[in-house]
There are 2 protein chains.
Amino acid sequence: MRAAFCGQPNLLDNNFYRSLWSRLIFVQQTSSNFRKLCAEHGLAVTHQRQVLYEVMQGMEGHPSPEEVFARVKKKVPAISLATVYKNIHLFVESGIFRKMSMHHGSVRVEMNDEEHHHMVCSRCKAIADIGEKELGLAPRRRKLPDGFLVERYAVDVIGLCAKCQQQAS
Amino acid sequence: MRAAFCGQPNLLDNNFYRSLWSRLIFVQQTSSNFRKLCAEHGLAVTHQRQVLYEVMQGMEGHPSPEEVFARVKKKVPAISLATVYKNIHLFVESGIFRKMSMHHGSVRVEMNDEEHHHMVCSRCKAIADIGEKELGLAPRRRKLPDGFLVERYAVDVIGLCAKCQQQAS
DNA sequence: GTGCTTGCAAACCCTTTGCACAGCC
DNA sequence: GGCTGTGCAAAGGGTTTGCAAGCAC
């Protein structure tokens, strides 16, 4: 390790500046992207908002608001959880990010025994059942990546129910 | 209306008793079904539990616990919301009913732009993304029953992740 | 300067828990 | 009789809201 520092100063310098440079470009790109996004959606560009956006983009999986908050707090210690919530909602409403599940927050239970899936209205959130056959969509693989063992498939069809289509037109 | 009461006493009696009889049979069936279910799952048969079960079976759609509570309260005024919650959970754990969504209760957001779906582990609740192609999804329909207009499909694959399979064996 | 954003604290909703009493087995 | 289930009230988690001060445009 130390040999590298002493013996190959030029290589070190190259790597160092290359790394610094590419990082700078990345930050500039993200920043300008974000400014553009905000402009498109009529949002003010604040420091909190920008950091939140970058942190969320950089996180794997589907973190909870608390987890996002914890990460953002490292870069903006004074930020409040309420700000995180407000902005996550703003991002979702603007279409910058997407909510994972359209379902109601509270516990819902299936009383319908038959194999079926759901049609969820993106406007009024109404949920109607749809039989496996009517859906005409049958992914039936038993083997999936990462050795995931399939028990069953649950399909949500997101769209507009008849009522909301009428109201929209 | 009144003519029926006066003019056709036999028919009235027939209908009346037939109706009463079929209702009695229904209640007995439900009751004995429920007793059997409870026996299978080691649950005590209480009045509250039985009414809750019958009410839930008789409800359309995917009512919230509050809505179920309101209905049950009409038949068992003294019942408490806590009892409703406890028993809904018991029913779900026993496999008598099924939870609609395996997702965490809190808000989750998609940061992954690409078309993808989710593999949800029924044991540890971990959520992993899976691409549309890896899922092997059949062609999509744009028209569904009740004039529902499709925007997109969201598929959850429920099963066991590799880790939980190891722990299970 | 005007209006949107922030941070704080309190309120809010939904759900769970602890406990004494009642009811099933 | 022992053990589970109930009802009540209080606590808990996650989320939203109201408001004064701060910042972007």
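Visitor: How many residues does the contact take from chain B and from chain A?

Guide: In this predicted model, the contact takes 59 residues from chain A and 59 residues from chain B.

Visitor: And how much area do the two chains bury between them?

Guide: Chain B and chain A bury about 5,700 Å² between them, and 61% of that area lies on carbon and sulfur atoms. On the side of chain B, Arg98(B), Met100(B) and Met111(B) supply 13% of the area buried against chain A, which is more than any other three residues supply.

Visitor: Which strand of chain B gives the most to that side?

Guide: That is strand E6, residues 148-160 of chain B, which gives 13 residues to the side that touches chain A. Sorted by class, that side of chain B has 33 nonpolar, 14 polar and twelve charged residues.

Visitor: With charged residues there, how many salt bridges are counted between the chains?

Guide: The count of salt bridges between chain B and chain A is zero, whereas 24 residue pairs are in polar contact between the two chains, with both residues at pLDDT 80 or more.

Visitor: Let me pick one residue, then: is Ser64(B) buried or exposed?

Guide: Ser64(B) counts as buried because its relative accessibility is 9%, and buried means under 20%. Ser64(B) sits in the loop between helix H3 (47-58) and helix H4 (65-75) of chain B, and, leaving aside its neighbours within four places in sequence, Ser64(B) is in contact with Ser106(A), Val107(A) and Arg108(A).

Visitor: New topic: which residues does UniProt list for "binding site"?

Guide: The unreviewed UniProt entry lists Cys121(A), Cys124(A), Cys161(A) and Cys164(A) under that heading. Although they span 44 residues in sequence, no two of their C-alpha atoms are more than 8.2 Å apart, so they gather at one spot.

Visitor: Where is Cys124(A), and what does it touch?

Guide: Cys124(A) lies in the loop between strand E3 (116-121) and strand E4 (127-131) of chain A. Setting aside neighbours within four places in sequence, Cys124(A) is in contact with Cys161(A) and Cys164(A). With a relative accessibility of 39%, Cys124(A) counts as partly exposed.

Visitor: What about Cys161(A), buried or exposed?

Guide: Cys161(A) is buried, because its relative accessible area is 16%, and the cut-off for buried is under 20%. Cys161(A) is found in the loop between strand E6 (148-160) and helix H7 (162-168) of chain A.

Visitor: Which residues does Cys161(A) touch?

Guide: Not counting residues up to four places away in sequence, Cys161(A) touches Cys121(A) and Cys124(A), and also Phe148(B) from chain B.

Note on methods. Residues are numbered from 1 along each chain as its sequence is written. Chains are lettered from A and ligands numbered from 1 in the order in which they are written. This is a predicted model: local features need pLDDT of at least 70, side-chain atom pairs count only at pLDDT 80 or more; totals for chains, interfaces and linings use all residues. Side-chain values use heavy atoms; hydrogens and water are left out. UniProt positions are given in the numbering used here, feature names are shortened, and annotations may be inferred rather than shown by experiment. Helices (H or I, at least four residues) and strands (E, at least two) are DSSP runs, numbered from the N terminus. Buried means under 20% relative accessible area, exposed over 50%, partly exposed in between (1.4 Å probe, protein chains only). Contact means heavy atoms within 4.5 Å. Buried area is the accessible area (1.4 Å probe) that two parts lose on being put together, summed over both. A salt bridge is a side-chain nitrogen of Lys or Arg within 4 Å of a carboxyl oxygen of Asp or Glu. A polar contact is a pair of N or O atoms within 3.5 Å; within protein, one must be able to donate a hydrogen and the other to accept it, and residues adjacent in sequence count only if both atoms are side-chain atoms. Ala, Val, Leu, Ile, Met, Phe, Trp, Tyr, Cys and Pro count as nonpolar, Asp, Glu, Lys and Arg as charged, and the others, Gly among them, as polar.
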